[in-house]
Amino acid sequence: LVASPFLVVFFAISCALLLAVAATQKEVPRRAQMFSLFTVMLLSGGFFVLTLKSNRFIEYAVPFLTLAAGGLFTFWLPFFNRELLPGLRKWFSWRPGKWLVSGVVVLAVASFALTEVKNALPNKQHFTESAFAPVTEWIKQNIPQGELVFHNGWDFSLILFYLDDSHRYLVGLDPTYMYDAFRSDYDIWSDLVTGKDADVGKIMTYFQSQVVVIDTRLTTDFEKNIQASGLFDAVIADGPVHLYSAK
């Protein structure tokens, strides 16, 4: 809901207008129309519910919600032109007060959209080879091959492995595999990286890892616990990805 607010709103508007169409339509829709409508709604609705359960499904929900919202457009467009457009034209007749209110609404929506895009751009810049290359280069030169690298997120493990396949990584796509197969390990890892467990010494004792990679997009409590423990030295502390090594 937070990652794609405009898509969700557009989909909700399309569904609301579709209900209005269904309530006022006098003709029975063609069978092909009903079949395509049912298919689109089933896929988009199903993936939307699954995404609310697990964010992993957002890769399917976003494209199908987009297709559904666009597909529903063809159903309610005639109703919009026939029922709603005349009222909107009357509303936007030359009356300064209404134009002012409409302009304020448009500016508010545009400002919100630009703010969302601005906030999202720094996160996108994290998922680049250049952001992780200094970290993996140091690890390759200073950590023996085959040793475990502790990292605070599952979604960038693929970049780490792409840049350095000579070391092992804890959790990748999909993290449910680790959750199902090694539940106790997953719980300890999750509590550490979310800051719930401040005993970061477990990184060395339990996971047998001497190096920690931190993507700063994620919770800062974990890095604060690392710094407060006195057990790790900051190797790379600038840029979006930080690196700590055991003393």
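This tour goes through one histidine and then several salt bridges in a predicted model.

**Stop 1: histidine 167**

Select histidine 167, which sits in the loop between α6 (157–163) and β2 (168–169). Is histidine 167 buried or exposed? Its relative accessible area is 4%, and the cut-off for buried is under 20%, so histidine 167 counts as buried.

Now show the side chain of histidine 167 and look for two partners. One is the side chain of aspartate 164, with which the histidine 167 side chain makes a polar contact at 2.7 Å. The other is the backbone oxygen of proline 144, which the side chain of histidine 167 reaches at 3.0 Å.

Next, display what surrounds histidine 167. Neighbours within four places in sequence set aside, histidine 167 is in contact with Ile139, Lys140, Ile143, Pro144, Gln145, Gly146, Glu147 and Val149.

**Stop 2: lysine 140 and glutamate 137**

From that list of contacts, select Lys140. Which residue forms a salt bridge with lysine 140? The partner is glutamate 137, and the closest N and O atoms of the pair are 3.2 Å apart. Both residues belong to helix α5 (residues 129–142), where they are three residues apart, about one turn of the helix. Lysine 140 has a relative accessible area of 37% and is partly exposed. Glutamate 137 is also partly exposed, with a relative accessible area of 37%.

In general, side chains of opposite charge can pair when their charged atoms come close. How many salt bridges does a search of the whole structure find? The search finds six.

**Stop 3: lysine 202 and aspartate 197**

Move to lysine 202, which forms a salt bridge with aspartate 197. The closest N and O atoms here are 2.6 Å apart. Lysine 202 is partly exposed, at 26% relative accessibility. Aspartate 197 is buried, with a relative accessible area of 17%.

**Stop 4: lysine 247 and aspartate 233**

Select lysine 247 together with aspartate 233; this salt bridge has its closest N and O atoms 3.8 Å apart. The pair links distant parts of the chain, 14 residues apart: lysine 247 is in the segment after β5 (241–246), and aspartate 233 is in strand β4 (residues 232–236). Lysine 247 is exposed, with a relative accessible area of 63%, whereas aspartate 233 is partly exposed at 39%.

Key: Residues are numbered from 1 along each chain as its sequence is written. This is a predicted model: local features need pLDDT of at least 70, side-chain atom pairs count only at pLDDT 80 or more; totals for chains, interfaces and linings use all residues. Side-chain values use heavy atoms; hydrogens and water are left out. Helices (H or I, at least four residues) and strands (E, at least two) are DSSP runs, numbered from the N terminus. Buried means under 20% relative accessible area, exposed over 50%, partly exposed in between (1.4 Å probe, protein chains only). A polar contact is a pair of N or O atoms within 3.5 Å; within protein, one must be able to donate a hydrogen and the other to accept it, and residues adjacent in sequence count only if both atoms are side-chain atoms. Contact means heavy atoms within 4.5 Å. A salt bridge is a side-chain nitrogen of Lys or Arg within 4 Å of a carboxyl oxygen of Asp or Glu.
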